[in-house]
Amino acid sequence: MKKFNFRLQKVLEYRQMLQQWAKEAYLDARSSRLEAELSLHQITSLRLEVLTWRSNTIESRQTIEMQLRKLDQKEVEQRLIVNVLVHEEELALNAWKEKKIELEALNKMYDKQFGEWQLDMDRKLQNELDEWATRKRVA
């Protein structure tokens with residue numbers, strides 16, 4: 001019995017590879033976004049901590065005010081970074097979904113061709129068995 005040979009096997013393997021790369025790119029983008037959100041959370045926590053500092057002198061109040069301004073600036077910058085990373089994550093997710101759909105279409109073609117091949121092999125085997133049974137009856 002001959003072995004099943006999918007005509008588009010190389011294309012299938014290539015699309016599997018593309019889908020895997022897209023998945024990894026999405027996971028990397030997600031990881032980057034989560035790290036950026038963690039940094040944003042840390043800035044917020046630090047800001048709350050600075051607000052609890054006691055200030056008895058003008059210098060200490062100025063120091064607290066300066067720290068709060070720096071933290072506010074860092075927070076604004078970090079929010080911009082998070083927004084960019086959220087957008088990149090969405091793009092990566094859409095690309096992964098697209099590659100998944102393309103791969104599924106090729107997998108359906110593979111399954112259809114394999115089913116046809118299997119049916120053909122079953123018919124050939126049945127014909128051989130019928131022929132063998134006919135010869136055995138005649139003899």
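Analyst: We can start with Gln19, which has its place in helix 1. Keep in mind that this is a predicted model.

User: Is Gln19 buried or exposed?

Analyst: Residues under 20% relative accessible area count as buried. Gln19 has a relative accessible area of 12%. Gln19 is therefore buried.

User: Which residues does Gln19 touch, not counting those up to four places away in sequence?

Analyst: Contact here means heavy atoms within 4.5 Å. Residues up to four places away in sequence are not counted. That leaves Trp96, Lys99, Lys100 and Leu103.

User: How many Å apart in space are Ile101 and Gln19, C-alpha to C-alpha?

Analyst: Ile101 lies in helix 2, while Gln19 is in helix 1. In sequence, the two are 82 residues apart. In space, C-alpha to C-alpha, the separation is 9.2 Å.

User: Is Ile101 itself buried or exposed?

Analyst: The cut-off for exposed is over 50%. Ile101 has a relative accessible area of 56%, so Ile101 is exposed.

User: How do the axes of helix 1 and helix 2 run, roughly parallel or roughly antiparallel?

Analyst: Two packed helices are described by the angle between their axes and the distance between the axes. Helix 1 covers residues 9-51 and helix 2 covers residues 58-138. Their axes come within 7 Å and cross at roughly 160 degrees. Angles over 145 degrees count as roughly antiparallel, so helix 1 and helix 2 are roughly antiparallel.

User: What is the handedness of the crossing where helix 1 passes helix 2, and how many nonpolar residues does the contact have?

Analyst: The crossing of helix 1 past helix 2 is left-handed. By class, the contact of helix 1 with helix 2 has 15 charged residues and nine polar ones. Its nonpolar residues number 27.

User: Which side chain makes a polar contact with the side chain of Arg33?

Analyst: Arg33 lies in helix 1. At 12% relative accessibility, Arg33 counts as buried. Leaving aside neighbours within four places in sequence, Arg33 is in contact with Leu85, Val86 and Glu89. The polar contact, at 2.2 Å, is with the side chain of Glu89.

User: How many Å apart in space are Asn83 and Gln67, C-alpha to C-alpha?

Analyst: Asn83 is found in helix 2. Asn83 is exposed, with a relative accessible area of 51%. In sequence, Asn83 and Gln67 are 16 residues apart. In space, C-alpha to C-alpha, they are 24 Å apart.

User: Where is Ser60, and which residue has its backbone nitrogen 3.4 Å from a polar atom of the Ser60 side chain?

Analyst: Ser60 is found in helix 2. Its relative accessible area is 21%, so Ser60 counts as partly exposed. The backbone nitrogen that lies 3.4 Å from a polar atom of the Ser60 side chain belongs to Asn56.

User: Which side chain makes a polar contact with the side chain of Arg135?

Analyst: Arg135 has its place in helix 2. At 53% relative accessibility, Arg135 counts as exposed. The side chain of Arg135 makes a polar contact, at 2.5 Å, with the side chain of Glu131.

Methods
Residues numbered from 1 in each chain as written. Predicted model: local features only at pLDDT ≥ 70, side-chain atom pairs only at ≥ 80, totals over all residues. Heavy atoms only, no water. Axes fitted to C-alpha atoms, helices over the stretch in contact; angles between N-to-C directions. Helix = DSSP H or I, 4+ residues; strand = E, 2+ residues; numbered from the N terminus. Parallel < 35°, antiparallel > 145°, perpendicular 65-115°, else oblique. Left-handed = near helix turned anticlockwise from the far one by under 90°. Nonpolar A, V, L, I, M, F, W, Y, C, P; charged D, E, K, R; others polar. Buried < 20%, exposed > 50% of the residue type's maximum accessible area, 1.4 Å probe, protein only. Polar contact = N/O pair within 3.5 Å; in protein donor to acceptor, adjacent residues only side chain to side chain.
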